[in-house]
Amino acid sequence: MGLGRYDAQDQLEKIEELHDVTLVEAGQLDVADLGVRLEELKALRQGWFDGETGDALNQSGLSQVSSIIEHLHEQEELPIPFLYPTPDGALQAEWSLGSWELSAAIDLTSGDTLLDAVDANTNAGKDGSMNLFTPGGQEALVKFVTSVTRKGSI
Amino acid sequence: MEGTHPLTDGDELLHRQVHPSFLQQGRVGSQAFRPTTKDQGQLSVSRGAMATAAEAFILYTTELDLPSGGVWSVSVAECGAQDLPPIRTHCPPPSAIRLTPSSTSTAFPATARWNGRPNCWRSWRPLGAASIPRASAQQVRHRSPEERSSGLFRCMGDGVGGSEGRNSLPRFCSSPSR
């Protein structure tokens, strides 16, 4: 925490006072971030990508995915992912965990999900598929992601 | 012909405009570096030899009036190392180029592996644009046609087009090639 001076463009010019420093691990999100991101994604309208392409994301599907992620985060310690829209109206969840990059491409209507993981250091990788809207699929997602965080490998 | 004009300066940077929705808390998503269905497997970038990252950002957001959350860049050499040799498009003079897979590349773009290939994705690095003062954007916007045609932005002139005969102006460094 501190006090900073900003210019007219809202750019930080100078830190006037520094009261406290907290180390924030890069890439670590919490449930509040998930809620904020969900609202951003819900606000995307048809043509969001370039005025022509960019399908709006299925609102109920987004809410369902958000609830699932929050549940899995609280119950299974699933890290909160970064979420991105795709131009065809799907949702891409991504995690950067150590040297691993993981992604889940989620069809917001059906819940069908493609999983992909790759180790930046070794190029080792793994992929798979499941349905996020099913208990078995959610279990598979947790296993896929947490195997990296707990063991450092898949 | 497309594919017959490879870029040879390995140090040249290739600039990619990243859609604001592909940024979350400063982290850029892999979607930013994946061709869309309209891209026909070729990712579009603008050439560092023709415009700096900041200039490319201004051009993109003011002249083309398209959204950009910033510029991420990669060098020609880094692309080549990933078996994605960049080639010039037909844009005369060439300032837009595309990354295209070589015949031996099996990971691009049919599979999602593109988004996870660490040495592709992670090679891209932010090159600013977030702090470009508004005055600069106005200055670029108000350059005379002569100025624009003689320098960095001459690719904006008539006849600039996608190599597949698409509409000209918006096709430069935007869809269908972003």
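Begin with Gln25(B), which is exposed, having a relative accessible area of 55%, in a model that, please keep in mind, is predicted. That residue counts as exposed because its value lies over the 50% cut-off. If you show the secondary structure of chain B, you will find Gln25(B) in the loop that runs between β2 (23–24) and β3 (27–28). Its backbone deserves a careful look, for Gln25(B) has a positive phi of about 50° even though it is not a glycine.

Next, stay in chain B and select Asp65(B), which sits in the loop between α1 (53–63) and β5 (70–75). Here too the backbone shows a positive phi, of about 55°, although Asp65(B) is not a glycine. Is Asp65(B) buried or exposed? With a relative accessibility of 61%, Asp65(B) counts as exposed.

Now move to chain A and select Thr113(A), which belongs to strand β6, covering residues 112–119. Thr113(A) has a relative accessible area of 3%, and because this is under the 20% cut-off, the residue counts as buried. To see what surrounds it, display the residues that Thr113(A) touches beyond four places away in sequence, among them Ala104(A), Ile106(A), Gly128(A), Met130(A) and Leu132(A). Then follow the side chain of Thr113(A), which reaches the backbone oxygen of Gly111(A) at 2.9 Å.

Conventions:
Residues are numbered from 1 along each chain as its sequence is written. Chains are lettered from A and ligands numbered from 1 in the order in which they are written. This is a predicted model: local features need pLDDT of at least 70, side-chain atom pairs count only at pLDDT 80 or more; totals for chains, interfaces and linings use all residues. Side-chain values use heavy atoms; hydrogens and water are left out. Helices (H or I, at least four residues) and strands (E, at least two) are DSSP runs, numbered from the N terminus. Buried means under 20% relative accessible area, exposed over 50%, partly exposed in between (1.4 Å probe, protein chains only). Contact means heavy atoms within 4.5 Å. A polar contact is a pair of N or O atoms within 3.5 Å; within protein, one must be able to donate a hydrogen and the other to accept it, and residues adjacent in sequence count only if both atoms are side-chain atoms.
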